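Colleague: I would like to learn how to read a ligand shell, a helix and the overall fold from coordinates. Could we take them in that order?

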Amino acid sequence: MHTLYWSPGACSIAPHIVLEEIGEPYAASRIAIDAVGTAETLVEPGYLKINPKGRVPAMTLEGGGLLTEAPAIMVYLARAHPECCLLPPDPVGEARVYEWMNWLATAVHAVAFAQVVRPQRFVHEPKDFPQVKAKGRHNVAAAFAFIEQQLRGNEWATAGQYTLADIYLLFFYLGAKSAGNPMAMAFPAWTAVAERTLRRSSVQRVIEYECAAA
Ligand SMILES: N[C@@H](CCC(=O)N[C@@H](CS)C(=O)NCC(=O)O)C(=O)O
């Protein structure tokens, strides 16, 4: 079976939810990563032998091989289980899902979020970290305003259908909420989509499991 390497509070929650959605048996292996954001090293350096990128998620495949990058893992699982309808059937709808995921993985996760929690990836000198973090907070605020505007009046992120984009968006929503952002007040449209996503039993199972295992 596939084994998902995950960490509490990490973006690995998104492929974890997809695994629950498709209902195939899988194993989940918890990896400890540095939560403080001051070191580049993993708490579990042995994990580098599994995923040399040193990040979660990663997933070893039942048939052998390793998949990394949250969007790639999610797309693989959704494509392997088309009956779950986690990708729209039409090319434009499918491209809209990739449009969301690509932007979330790059502009929001790898840039804005990382500037706030991993400033050492952007500048060498610790004295410059506060400036990088401040710019990151600015970038996060701009990205969140864009998400809110895109979701206004929509039931789901794309094409009137629950997709991988909604699942991936939930990671950013939960991260922002646990950082103390007043999501319901500041982002009502995003909150409505997130609450719809949170009502799914697959999502609830993953959150319960990850909270209990954290
Ligand atoms: N581009 C990767 C990013 C993965 C990533 O950065 N994951 C974070 C958790 S959300 C991580 O492993 N952080 C460990 C670290 O920063 O050292 C993806 O989309 O999967």
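Modeller: Let us begin with the term: a residue is near a molecule or strand if its C-beta atom, placed from the backbone, lies within 6 Å of it. The structure shown is a predicted model, in which local features need pLDDT of at least 70, side-chain atom pairs count only at pLDDT 80 or more, and totals for chains, interfaces and linings use all residues. Residues are numbered from 1 along each chain as its sequence is written.

Colleague: How many residues surround the ligand, and which are the closest?

Modeller: The ligand is surrounded by 12 residues, and the closest are Ala10, Cys11, Ile33, Arg55 and Ala70. For classes, Ala, Val, Leu, Ile, Met, Phe, Trp, Tyr, Cys and Pro count as nonpolar, Asp, Glu, Lys and Arg as charged, and the others, Gly among them, as polar; on that scheme the shell has eight nonpolar, four charged and no polar residues. With domain bounds taken from an automatic or database domain assignment, domain 1 (2–85 + 203–213) and domain 2 (91–200) each supply at least three residues of the shell.

Colleague: Why does the span of α4 agree with what a helix should give?

Modeller: Helices (H or I, at least four residues) and strands (E, at least two) are DSSP runs, numbered from the N terminus, and the expected span of a helix is 1.5 Å times one less than its number of residues. The 23 residues of α4 should therefore span 33 Å, and the end C-alpha atoms are 32 Å apart, which agrees. After α4 comes Gly153, with a positive phi near 80°.

Colleague: Which residues of α4 are buried?

Modeller: A residue is buried if 20 or more other C-beta atoms lie within 10 Å of its own, exposed if 12 or fewer, and partly exposed in between, with C-beta atoms placed from the backbone. In α4 the buried residues are Gly136, Val140, Ala143, Phe144, Ile147 and Leu151. Tyr162, in the loop between α4 (129–151) and α5 (164–178), counts as buried because it has 20 C-beta neighbours inside 10 Å. The C-alpha atoms of Tyr162 and Leu86 are separated by 6.7 Å, although the two residues lie 76 apart along the chain.

Colleague: What is the secondary structure of the protein, and what share of the residues is buried?

Modeller: The protein has eight helices and four strands, in the order β-α-β-β-β-α-α-α-α-α-α-α along the sequence. Buried residues make up 33% of its 214 residues, and the C-alpha trace spans about 50 × 45 × 35 Å along its principal axes.
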